[in-house]
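Trainee: I am new to this one. Please take me through a single part closely: the interface.

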There are 2 protein chains.
Amino acid sequence: MSKVRAAGFSISLDGFGAGPDQSLADPLGHRGTELHQWYFATRSFRAMIGEEGGDTDGVDAVHARRAMEGFGAHILGRNMFGPVRGPWKGDEWTGWWGDEPPFHAPTFILTHHRREPLVMAGGTVFHFVTEGIGAALEQAKAAAGDRDVKIGGGVSTLRQYLAAGLVDELHLAVAPVLLGRGEALFAGLDLPALGYRVLSSEAGEIARHVIIGR
Amino acid sequence: MSKVRAAGFSISLDGFGAGPDQSLADPLGHRGTELHQWYFATRSFRAMIGEEGGDTDGVDAVHARRAMEGFGAHILGRNMFGPVRGPWKGDEWTGWWGDEPPFHAPTFILTHHRREPLVMAGGTVFHFVTEGIGAALEQAKAAAGDRDVKIGGGVSTLRQYLAAGLVDELHLAVAPVLLGRGEALFAGLDLPALGYRVLSSEAGEIARHVIIGR
């Protein structure tokens, strides 16, 4: 059965899913890239950026692959899509990822501002959803068919879907770093009260991979 | 050189160092014992409660031993010492640990209410300090001599010493559980801004052991 999953979602030891002060030059926020060190050496990441090589066998690599495969649709918060705030200024901004984004499937962007769909190379179509997280999930499920829906982030979007109990499985990659500031994933979110528990926890070469579900 | 250390300090994946609703029947708070599963199977824990056996060689066991050794004085918050609130009601309450507490050294209890020192079996003397965390640390350092001072907790006490930059090394045992509620260790505490960083991170059989220092 099709699942709603967040996967390969990196957090710091102190619970931050992104660093503070996101900007065009620093899309992951200050020190945000340190969260993703476990991912950069994997084949999944190298392939995504069009490079050769990368690890395929390690624990980090296996979890990276699993975090990329099996998805028929994606949901992203607007800040994950780009730094534009307020109404869209034409079609100039088409995401952080260039002409061929790494989604290769319909990708639903949560926004308060209407915009026509954007067809990219490689199978990604960005749809802009203004009716909220429930409507975006319905559309994503319809688009995904038998495949899973990925809640791609950022932190605020994931927190909204978790708080609504709409996520079936959450794979966190806990990086061995302290950020001190940023977007806190767990703050005020009582996951056990929502029915979630830790299903497994595995040490990777760099990150610890924790699967949370119900 | 003598150090100020917190060691074997268990937290949940979502950052709680104790469960909610601490009581006489539930001194670690609701589900708090789940944080300490990594410790219960070790020789260090078994010896502390006067039992035979227990693991000595695993990663969890090695960290447990290191968290118990080398300390010449301890500092505890009042809630760690007991459930009594407000003025002490005589000498009736002598801690959670029976006649022979596991400290075997001078142990300084932070409190707002004066009380005479309490001499226990096995070398533990409880001193009640009303002049704040700085005064308690000075007294503990003088008592410890060449040995280390252990900040034993609870969460609020550790947070105060961390925020004041008075902790040299912090060993966290991150348990693979979600608590959802409780006492949050990191909330509002910017450890990198205080000069702290992750020195090492090692996977134990149950917990992940993270050493934080400067």
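Mentor: A polar contact is a pair of N or O atoms within 3.5 Å; within protein, one must be able to donate a hydrogen and the other to accept it, and residues adjacent in sequence count only if both atoms are side-chain atoms. Across the interface of chain A and chain B, the rule finds zero residue pairs in polar contact, with both residues at pLDDT 80 or more. Keep in mind that this is a predicted model: local features need pLDDT of at least 70, side-chain atom pairs count only at pLDDT 80 or more, and totals for chains, interfaces and linings use all residues. Residues are numbered from 1 along each chain as its sequence is written, chains are lettered from A and ligands numbered from 1 in the order in which they are written, and side-chain values use heavy atoms, with hydrogens and water left out.

Which parts of chain A touch chain B? The elements that give two or more residues are β8 (169–175), β10 (197–203) and β11 (208–213) of chain A. Helices (H or I, at least four residues) and strands (E, at least two) are DSSP runs, numbered from the N terminus. β10(A) gives the most to this side, with four residues. By class, the side of chain A that touches chain B has 17 nonpolar, two polar and six charged residues. Here Ala, Val, Leu, Ile, Met, Phe, Trp, Tyr, Cys and Pro count as nonpolar, Asp, Glu, Lys and Arg as charged, and the others, Gly among them, as polar.

Now the extent. Contact means heavy atoms within 4.5 Å. On that basis 25 residues come from chain A and 25 residues from chain B. The buried area is about 1800 Å². That is the accessible area (1.4 Å probe) that two parts lose on being put together, summed over both. Carbon and sulfur atoms give 71% of it. In chain A, the residues that lose the most area to chain B are A:Leu13, A:Leu178 and A:Arg208, together 35% of what that side buries.

Charged pairs come next. The rule finds two salt bridges across the interface; each is a side-chain nitrogen of Lys or Arg within 4 Å of a carboxyl oxygen of Asp or Glu. One of them joins B:Arg181 and A:Asp190, at 3.8 Å from N to O.

B:Asp190 sits in the loop between β7 (169–175) and β8 (197–203) of chain B. Beyond its neighbours within four places in sequence, B:Asp190 is in contact with A:Leu179, A:Gly180 and A:Arg181. A polar atom of the B:Asp190 side chain also lies 3.1 Å from the backbone nitrogen of B:Ala193.

Back to chain A and its strands. Two strands pair if DSSP finds at least two bridges between them. Nine strands of chain A form an open sheet with mixed pairing, in the order β5-β6-β4-β3-β7-β1-β8-β11-β10. β5 (118–119) and β10 of chain A stand at the edges, each with a single partner strand, so one side of each has no neighbour in the sheet. β10(A) pairs with β11(A) in the antiparallel sense over six bridges. A hairpin of four residues joins β10(A) to β11(A). In this pairing, A:Glu202 stands opposite A:His209 in β11(A).
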